[in-house]
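This briefing covers a helix pair and a surface patch. Please consult the sequence and structure shown below.

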Amino acid sequence: MEGDLQTMGALIGAGLACTGMGGAAVGVGHVAGNYLAGALRNPSAAQSQTAMLFIGIAFAEALGIFSFLVALLLMFAL
């Protein structure tokens, strides 16, 4: 009984840790959407901002990867 309760807690925690992946998806959408809005307003400046777009996407995706790793640790570290 005690092992089942511990496993249940770990799986619930893993599910809650996965909410960070949804946050990463929202973050990537905001970064790409704001870049596109800026590029449509000023197309000549869009070329110089492409590197910043990829850096922003990478930072937003890092949150999703970290939350995925935490979820895996919670599920399989017992």
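Val28 lies in helix H2, where helices are DSSP runs of H or I with at least four residues, numbered from the N terminus. The model is predicted: local features need pLDDT of at least 70, side-chain atom pairs count only at pLDDT 80 or more, and totals for chains, interfaces and linings use all residues. Residues are numbered from 1 along each chain as its sequence is written, and side-chain values use heavy atoms, with hydrogens and water left out.

**Val28**
- Apart from neighbours within four places in sequence, Val28 is in contact (heavy atoms within 4.5 Å) with Ile57, Ala60 and Glu61.

**Helix pair**
- The axes of H2 (residues 19-41) and H4 (residues 50-76) come within 7 Å and cross at roughly 170°; axes are lines fitted to C-alpha atoms over the stretch in contact, with angles from 0 to 180 degrees between N-to-C directions.
- H2 is therefore roughly antiparallel to H4, a term for angles over 145 degrees.
- Residues meeting across the pair include Gly20, Ala24 and Tyr35 in H2, and Leu53, Gly64 and Phe68 in H4.
- The residues of this contact divide into eleven nonpolar, seven polar and one charged, with Gly counted as polar.

**Surface patch**
- A nonpolar patch on the surface includes Leu11, Met21 and Leu72.
- H4 gives the most to the nonpolar patch, with seven residues, and Leu72 is placed in H4.

Key: Helix = DSSP H or I, 4+ residues; strand = E, 2+ residues; numbered from the N terminus. Parallel < 35°, antiparallel > 145°, perpendicular 65-115°, else oblique. Patch = residues over 30% accessible without salt bridge, like charges linked within 9 Å, V, L, I, M, F, W, Y side chains within 5 Å. Areas by Shrake-Rupley, 256 points an atom, 1.4 Å probe, with all protein chains shown as cover. Salt bridge = Lys/Arg side-chain N within 4 Å of Asp/Glu carboxyl O.
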